[in-house]
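Q: I'm new to this one. Can you put it up and take me through it?

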Amino acid sequence: MAAARKHKRVAASQPGFLPLTSNPGEDGSASLKRRKRVNKNKKKNWNKYSDIQDVEEFLEDVRLQERATGGLIADKPDESLFFVDTGEKKSTQKSEAAKKNKRSKPLRIDLILQPDSHVQAPKDILAYQRPNAKKLRRVAGKAERLAAMGVLPRREKLLLLRKTKQMPAKEKPLNSKDPRRNFYDLWSEGSPDTADPYFLEQTKKKLVKRPEKLNEKPSTLPAIEVIAPGGSYNPDFLSHQALLLEAHEAEVKKVKADEKLERQVAINKNDIATEESRFNEQVEGLIEEDEREETEAPGDDSKDTAFGPMAQPEKKTERQRKKEKAERLKELRKKAARKMLNSRQQLFQLRSIGADLKMRELRTMGRQTKRKAKQEAEKTLPRRLGKLRFQAPDLEVQLSDELAGSLRTLKPEGSVLKDRFKSLQKRNLIEPRERAKFKRKHKVKYVEKRAFREIQ
């Protein structure tokens, strides 16, 4: 506080400082009152016996000057504070410019709403934070440099061509086998005027043909969906009840999902350990080892018994090999004869086979129809475009006692911005996303300072 009072005295003693408010009864050279002698070495006496009134008056005067004039009066030039009165009378005739300025004078209510403080509002840092702001600034800077060099983006070039109506007509290139085509030298230095389409594509002088699938809309849903008749401000009874039933079913579905999750994470009482189960687990392997030791005889020498090598199979004779080969050939002949007999029997089953084929075709056509219907139904559903799934917004519905009889008493619900954002996600134009979370690059460092006489 002593440093603040010293700063105030130094600032007030300078000849350039002009206070905006002054008390005529007070004088800086007034006789000082005798102060009570106290021990300022103790913390409890710092605020009790410290006089900071003069510092607060000085700071309040500085803040008043900043609000009223936008800065300190001592720092402003003389031209903004004084003017020279030449004594000239105002002309009675008003010019057209003066009349125009009078007509454009703002209303009194607008002047009341104008801010009376010259101090600028503090800058909201969160309002300037955007995801990928560094990348966007780099792209904007590159576009400005290209614009300064006279290079326009392709989109702006197309817009200029459409405005001037000078779009070049697309000419179909001649086939490479057409005799009317112009020949060109492959090893020439300059680029040929007319060349083969494959040559132009490989040299990146002709764009690759855009796939037709990219021209299809990602969803068949309309951009603006009309709400059900029960969502009107004055609906009929049946339409409103149908909308309430739909909202009730949606809420019941959510409650069932929550109950299912609670059942899955619930603790089974049978799985909780008891004293008996703990004891059985501790003595689980001890009883079996004791029984095994009792059953083993003291003179058992099973560990010392040695096993010899396994007996090798005897080598087959030539007669045995010929016999096995004859049996294999006999089996193959039986299979071939059985297959020939089945094919002959199928000649008498042509009608039943034809009926089976027709049934199979009908089943195939049914599956194709179901598959196409499923594909058409999927066109109206949101697809999985990112790591998050699409969450349908809550149904906006009013209860029977909340209905308004007129538009004046209608209670607004929902948000237009959120509705458009959800519509873009539902039509697969953007992926479902969450608000970006900004993290600190460096951790906040906390420092504990030692207070005076705090450590004993």
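Q: Is Pro 229 buried or exposed?
A: Exposed, at 56% relative accessibility. Buried means under 20% relative accessible area, exposed over 50%, and partly exposed in between, with a 1.4 Å probe and protein chains only.

Q: Where is Pro 229 found?
A: In the loop between helix H7 (197-202) and helix H8 (237-265). Helices here are DSSP runs of H or I with at least four residues, strands are E runs of at least two, and both are numbered from the N terminus.

Q: How far apart are the C-alpha atoms of Pro 229 and His 240?
A: They are separated by 7.4 Å. Along the chain, Pro 229 and His 240 are eleven residues apart.

Q: What kind of model is this?
A: This is a predicted model, where local features need pLDDT of at least 70, side-chain atom pairs count only at pLDDT 80 or more, and totals for chains, interfaces and linings use all residues. Residues are numbered from 1 along each chain as its sequence is written, and side-chain values use heavy atoms, with hydrogens and water left out.

Q: Okay, big picture. How many helices and strands does the protein chain have?
A: There are 13 helices and zero strands. Read along the sequence, the pattern is α-α-α-α-α-α-α-α-α-α-α-α-α.

Q: How much of the chain counts as buried?
A: 8% of the 456 residues.

Q: Pick a helix. What span does H5 reach?
A: Helix H5 covers residues 133-148, which is 16 residues. From first C-alpha to last it reaches 22 Å, close to the 22 Å expected at 1.5 Å a residue. The expected span is 1.5 Å times one less than the number of residues.

Q: What comes just after H5?
A: Gly 150, which takes a positive phi of about 90°.

Q: New topic. How many salt bridges does a search of the whole structure find?
A: Ten. A salt bridge is a side-chain nitrogen of Lys or Arg within 4 Å of a carboxyl oxygen of Asp or Glu.

Q: Why can such side chains pair?
A: Side chains of opposite charge can pair when their charged atoms come close.

Q: Which residue does Glu 318 meet in a salt bridge?
A: Arg 321, at 3.9 Å, N to O. Both lie in helix H11 (residues 318-345), three residues apart, about one turn of the helix. Arg 321 is partly exposed at 40%.

Q: And what does Glu 376 pair with?
A: Lys 379, with the closest N and O atoms 3.4 Å apart. Glu 376 is partly exposed at 47%, and Lys 379 is partly exposed at 38%.

Q: What about Asp 419?
A: Asp 419 meets Arg 420 in a salt bridge of 3.3 Å, N to O. Asp 419 is partly exposed at 43%, and so is Arg 420 at 30%.

Q: Which residues are linked in a network of salt bridges?
A: Glu 60, Arg 63 and Arg 67.

Q: On to the surface. Which residues form the nonpolar patch with Ile 109?
A: Leu 107 and Leu 113, and together with Ile 109 they have about 350 Å² of accessible area. Patches are made of residues with over 30% relative accessible area and no salt bridge: like charges are joined within 9 Å, and nonpolar side chains (Val, Leu, Ile, Met, Phe, Trp, Tyr) within 5 Å. Areas come from the Shrake-Rupley method with a 1.4 Å probe, and for residues only the protein chains shown count as cover.

Q: Where does Ile 109 lie?
A: In helix H4 (residues 108-113). Ile 109 counts as exposed at 54%.
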